[in-house]
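Me: I would like to learn how to read a model like this one, feature by feature. Could we start with how helices pack and go on from there?

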Amino acid sequence: MIPYATAAEAEGALGRPMTWAEAAWFRYSSATPDYCLHFHTVILLSVVYTLVPLPLALLELRTSAKQTSPPYKLQPRVRRTPADFIRCYKNTVRVVAPAAGALQLHYYKIDLSFRPFVPMVGIRTGLPLPSVGETAAQLLVYFLVEDYQAYWVHRLLHTAWAYDKIHRVHHEYTAPIGFAAPYAHWAEVLILGVVAFASPAMVPCHVTTFWLWFALGGIQSIDTHSGFSFPLSPTRFIPFYGGAQHHDFHHYTGRHTQSNFAFIFTFCDYIYGTNKGYRLP
Ligand SMILES: [Zn+2]
Ligand SMILES: [Zn+2]
């Protein structure tokens, strides 16, 4: 919670007038305890994983009903029914939401001294708000660190024991859909949740950047699992971005794949030689 009783007090501490964004943040956060602010991450993730995959799911169902395939579908022969989407989403709610929620609560409350963990690593909720440049630079670092860490975690998940016990669940979808982005064993959700938290823990940010990081990470994961590759997608202009095509190949080749372990960019697979058999058109 912001430690100032009035806007004038906050401006006195800043040594300048607040921007409109800071004034809005002051109004919102001064009345909200920090544990509520941090719980916003769970709400945000629930909204992202529910609403973002919906348009392409509806498009796919509409064309499947006409026995056709929508344009730019990567595996056009695979037809989905409403039951497929409902089963996938139900799993997200049943497994992913409690695991992600538990992880978020752990970030906040449970450490040996029972002090809040998120503020301990330096994630702040006060003023000033970060600039656009600072936010963009931190998010870039987070995506690069996440990509590298998740690459190696994913490779480990493809060892025989880890695949059979954990990662097999995520690979049930050989032709991914957006709702299947978080479709995984609860242990994988926890492991990847810790990986996602590692970047802000290493380079601490403002809680608004923290929310943005989890929201963009969710959207990126949904895009990667969408099963569609649109020629004019804005992600095509991100250098080394793998996208749906890159990850779809990983799901298509399945259990014995040795290709395309990276979730975000393509350079880890290039550097470590795990892009064999995969060619961009
Ligand atoms: Zn995999
Ligand atoms: Zn996947």
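Me: How close do the axes of helix H7 and helix H9 come, and at what angle do they cross?

Reply: Keep in mind that this is a predicted model. The axes of H7 (residues 132–157) and H9 (residues 186–202) come within 9 Å, and they cross at roughly 150 degrees.

Me: What does that angle say about how H7 and H9 are oriented to each other?

Reply: Angles over 145 degrees count as roughly antiparallel, so H7 and H9 are roughly antiparallel to each other. Their crossing is right-handed.

Me: Which residues of H7 and H9 meet?

Reply: From H7 they are Val141, Tyr142, Val145, Glu146, Gln149, Ala150, Val153 and Leu157. H9 meets them with Glu188, Ile191, Leu192, Val195, Ala196, Ala198, Ser199, Pro200 and Met202. By class, the residues of this contact between H7 and H9 are 13 nonpolar, two polar and two charged.

Me: Now a second pair. At what angle do the axes of H3 and H10 cross?

Reply: Helix H3 (residues 34–51) and helix H10 (residues 207–224) have axes that cross at roughly 20 degrees and come within 9 Å. Angles under 35 degrees count as roughly parallel, so H3 is roughly parallel to H10. The crossing of H3 and H10 is right-handed.

Me: Which residues make the contact of H3 and H10?

Reply: H3 gives Leu37, His38, His40, Thr41, Leu44, Leu45, Val48 and Tyr49. H10 gives Val207, Phe210, Trp211, Phe214, Ala215, Gly218 and Ile219. The contact of H3 with H10 has 11 nonpolar and four polar residues, with no charged ones.

Me: Let us turn to domains. Into which domains is the chain divided?

Reply: Domain 1 covers 1–30 and domain 2 covers 33–271. Their C-alpha centres lie 34 Å apart.

Me: How many residues of each domain are in contact with the other?

Reply: In domain 1, 10 residues are in contact with eight residues of domain 2. On the side of domain 1 that touches domain 2, the elements giving two or more residues are helix H1 (7–14) and helix H2 (20–29). H2 supplies the largest share of that side, five residues. That side of domain 1 has eight nonpolar residues, one polar and one charged.

Me: Which residues does the cis peptide bond join?

Reply: The cis bond joins leucine 127 and proline 128, with omega about 0 degrees. Proline 128 is in the loop between helix H6 (117–120) and H7.

Notes
Residues numbered from 1 in each chain as written. Chains lettered and ligands numbered in written order. Predicted model: local features only at pLDDT ≥ 70, side-chain atom pairs only at ≥ 80, totals over all residues. Axes fitted to C-alpha atoms, helices over the stretch in contact; angles between N-to-C directions. Helix = DSSP H or I, 4+ residues; strand = E, 2+ residues; numbered from the N terminus. Parallel < 35°, antiparallel > 145°, perpendicular 65-115°, else oblique. Left-handed = near helix turned anticlockwise from the far one by under 90°. Contact = placed C-beta atoms within 7 Å. Nonpolar A, V, L, I, M, F, W, Y, C, P; charged D, E, K, R; others polar. Domains from an automatic or database assignment.
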